[in-house]
Amino acid sequence: HAPQSQELICGALRLLPGPRQCYVKDALVKLTDREFRLLLELVKHPGEVMTHERLLRAVWGDESIGEVQYLRVTFARIRRKLDCGLFLGGVPNYRT
């Protein structure tokens, strides 16, 4: 586990877990708590294949297992926020 204050970088994306801030290049991108937690879960595990179950459990808890639509909707919102012409790589490690 990375310390909460450590900055995580994935290409043009920079996440600051402590203050829950997301930057693309130097632009602050406002994410909801769940959007941030989902993106953080992916960035913390570069190169790993993340199952729906693992992502749902990490972000929404055990009661959400099987609710794949949660992921689809949240990833769509994240993509819209990040794809404002600054971040061209899409969301890392997830294919819909």
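Tutor: Strand β3 (residues 21–24) is joined to β4 by three bridges in the antiparallel sense; two strands pair if DSSP finds at least two bridges between them. Within this pairing, Cys 22 lies opposite Val 29 of β4. The model is predicted, with local features needing pLDDT of at least 70 and side-chain atom pairs counting only at pLDDT 80 or more, while totals for chains, interfaces and linings use all residues. Residues are numbered from 1 along each chain as its sequence is written, and side-chain values use heavy atoms, without hydrogens and water.

The pair belongs to an open sheet of four strands, ordered β1-β2-β3-β4 with antiparallel pairing. From one strand to the next, the twist averages 25°. Helix α1 packs on this sheet and touches β1, β2 (13–16) and β3; contact means heavy atoms within 4.5 Å. The direction of α1 makes about 110° with that of β2. Helices (H or I, at least four residues) and strands (E, at least two) are DSSP runs, numbered from the N terminus.

Helix α1 (residues 33–43) also meets two other helices. Its axis comes within 9 Å of that of α2 (residues 52–59), and the two cross at roughly 130°. Axes are lines fitted to C-alpha atoms, for helices over the stretch in contact, and angles run from 0 to 180 degrees between N-to-C directions. The helices α1 and α2 are therefore oblique to each other; angles under 35 degrees count as roughly parallel, over 145 as roughly antiparallel, 65 to 115 as roughly perpendicular and the rest as oblique. Arg 34, Arg 37, Leu 38, Glu 41 and Leu 42 of α1 meet Leu 55, Ala 58 and Val 59 of α2. This contact has five nonpolar, no polar and three charged residues (Ala, Val, Leu, Ile, Met, Phe, Trp, Tyr, Cys and Pro count as nonpolar, Asp, Glu, Lys and Arg as charged, and the others, Gly among them, as polar).

The axes of α1 and α3 (residues 68–82) come within 10 Å and cross at roughly 90°. These two helices are therefore roughly perpendicular to each other. On α1 the contact involves Arg 34, Glu 35, Leu 38, Leu 39 and Leu 42, and on α3 its residues include Leu 71, Phe 75 and Ile 78. By class, seven residues of the contact of α1 with α3 are nonpolar, one is polar and four are charged.
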